[in-house]
Amino acid sequence: MSTSDPLRLRVIRGEILHFLSDPAEHGTAAWQHFGDGILAIRDGLVAEVGPADDMLAKLPSDITHDDYRGKLILPGFVDTHTHYAQTDIIASHGEQLLAWLEKYTFPAEARFADAAHAATVANFFCDELLRNGTTTAMAFATVHAQSVDALFAAALQRRMRLITGKVLMDRNCPDNLRDTAASGEAESRTLIERWHGRERLLYAVTPRFAGTSTPAQMAGAGRLFAEHPSLYLQSHVAENRAEVDWIAKLYPEARSYLDVYGRFGQLGERSVYAHCIWLDQTDRARMAATGSAMSFCPTSNLFLGSGLFDLDCARQVGVRVGMGTDVGAGTSFSMLQTLNEAYKVLQLNDQRLSAESAFYLATLGGARSLYLDDRIGNFLPGKEADLVVLDPQATPLLARRSAACSSLSERLFVLMMLGDDRAVAATHVLGTAAWRRPCSR
Ligand code: GUN
Ligand code: ZN
C-alpha cells in the first residue's frame, strides 16, 4: 500500500468482520475476521484491510486512527426495502395489509404534498438510518415528485447510498394520492434526469403494487424500466393472502401474482420485490432466472400477520435475497432487530438462520440484491468505505451475555438478538463518521 500521502489516509482499528460470499454456500471460507484489525481508507474507499500487526508495519508510525478496539466493525447495513413516508405511522395498531393501507398509510402519505413536511421527515429518516448503522437503503417515497426530491436531498447531504422513486398509483387509492399513467411516467422521467446517478443516488421506477396501478400504468412502468439499463424497479408481491386473492381477480389472465409483473416487463436485474411470501417454486425460479431480488421483511410480516418468508426455498433456486425493515409496517429501523425477527420467522418455518448468514444478508447479501456488490457490502480494496461499529457492551444485558460467549458466532447471535440502535457505537459513510453514540458510560 502506498503511504506517500498520509493526509488522504484514514485508519480504523478494531475487531473486523466482513463477508466475501454467502456462508450458506461457502461455510467459514465466506468471511474474513480480524480480532485486532485495521481498515485503511483512502479518499473514502477501502485501501486495505488486515491484521493490525501487519498493517501497522506498513503505515506511517505517527498516523492517528479511530480506535474501536473492544467493538466489532462490519460493512454498513443495507436495507433493501423501506418507506420513508411511513416513519410517522410506525407502530399503528390492529390491521392487516389492505385495511392498514387505507386507515394509516394513505392519510400519512397524503401529507407529502407539502414539501416542507417531506423535508422534515426525510432528514429524520436518514438520521435514523445512520443511528442504526444503515448506510444504504432502497426506499419508497410517495406519489408526489417533491417527496422524491426531499429524500434524495437528505441522502445527498449525508453522502449515503440511496435508491428511491416516485410511487406510481393510478387506481384503488384516494384521489389526493392518484396520478395517471401519463403523468406518472412523465414525472418519473423528470426525476430520473434530475437524480439518477448523481453522487451515490439511484432511481427506482416504483409501481406501488399491481393493485394500485392500471394495466396502462403497469405497461408504462415496464417500458421505463427497460429504457434505461441502470435503472431500478421496486414493488411489493405476494405479501398477504387477501391481497393475493384480490390481485387474481384484477388480473385473471395471469398465472400468479408474480406473473403480473412478468407480463408487464417488470422482472429483471435491479428489480426488487418486497415480501415474496405467497409464491410457489415456479415463481421463485422465475425471479432467480430473471435476476430479480427478494426483500425479506420479517418485522413487517409478523406485525401485519402476513405470513412466513421461506428462505430455504429461496436458496434452493438461488434467487438474490436481502433484508428489509419495511418501515412503517416494519416495527424497527434496526437491522439487528430485523435479523432477530428473521430468525424467529424461520424458526416458525422449521428453518435455522445462522448468525453468520444473518449478517451476510444484512451486508453483502443486500448489496448483491441491489447489484451494488462491486461498490459496497464488504471491505475489499476499492469498495466504498461504509461501516458500522457495534458495541457488545452497549447495555448491561448485552455486556453480561457477551462476556459468557466463547465464539464469534455466539457473539454475533447475541448482538442480533439483544442489540438495537443502542448497540451502534458509530456509523461511517465513505470513511467519515456520520454518527457517533454520545459517550454515556
Ligand atoms: N403493499 C402495497 N403498499 C404497501 C405498503 O406501503 N406497505 C406494505 N407492507 N405492503 C404494501
Ligand atoms: Zn413496503
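The largest cavity has a volume of about 100 Å³. A cavity here is a set of points on a 1 Å grid over the protein atoms alone where a 1.4 Å probe fits but cannot get out, and its volume is the space filled by probe spheres set on the points, which are joined across faces, edges and corners. The structure holds four cavities of 30 Å³ or more. Lining residues have an atom within 4 Å of a point; the largest cavity has 13 of them, and Leu 97, Trp 100, Leu 101, His 236 and Glu 239 lie nearest its centre. Helix H3 (residues 97-110) gives the largest share of this lining, three residues. Helices (H or I, at least four residues) and strands (E, at least two) are DSSP runs numbered from the N terminus.

This is a predicted model, in which local features need pLDDT of at least 70 and side-chain atom pairs count only at pLDDT 80 or more, while totals for chains, interfaces and linings use all residues. Residues are numbered from 1 along each chain as its sequence is written, chains are lettered from A and ligands numbered from 1 in the order in which they are written, and side-chain values use heavy atoms, with hydrogens and water left out.

His 236, named above in the cavity lining, is also a donor of the zinc ion (ligand 2), together with His 81, His 83 and Asp 326. Donors are N, O and S atoms within 2.8 Å of the metal (3.2 Å for Na, K and Ca), and sites may look incomplete because water is not among the atoms. Along the chain the donors follow the spacing H-x1-H-x152-H-x89-D. His 83 in strand E5 (residues 77-83) and Asp 326 in the loop between strand E13 (320-323) and helix H13 (335-348) are 243 residues apart, so this pair links distant parts of the chain. Both are buried, His 83 at 2% and Asp 326 at 3% relative accessibility. Buried means under 20% relative accessible area, exposed over 50% and partly exposed in between (1.4 Å probe, protein chains only).

Why is the site of the zinc ion (ligand 2) irregular? Its four donor atoms make angles of 89 to 166°. Four donors count as tetrahedral if all angles lie between 85 and 135 degrees; four count as square planar and six as octahedral if opposite donors are over 155 degrees apart and all others between 65 and 115; anything else is irregular.

In the loop that holds Asp 326, Gly 328 is joined to Val 327 by a cis peptide bond, with omega about 5°. Most residues other than glycine have a negative phi, and most peptide bonds are trans. Cys 276, in the loop between strand E11 (271-275) and helix H10 (281-290), has a positive phi of about 55° and is buried at 1% relative accessibility. Glu 199 also has a positive phi, about 45°, but is exposed at 62%.

Cys 276 is among the residues that Ala 238 touches, as are Tyr 257 and Trp 278; contact means heavy atoms within 4.5 Å. Ala 238 lies in the loop between strand E10 (232-237) and helix H8 (241-250) and is buried, with a relative accessible area of 0%.

Technical notes:
1 Å grid on protein atoms, 1.4 Å probe; cavity = no way out; pocket = protein on both sides within 12 Å on 5 of 7 lines; lining within 4 Å. Lists of a residue's contacts leave out its neighbours within four places in sequence.
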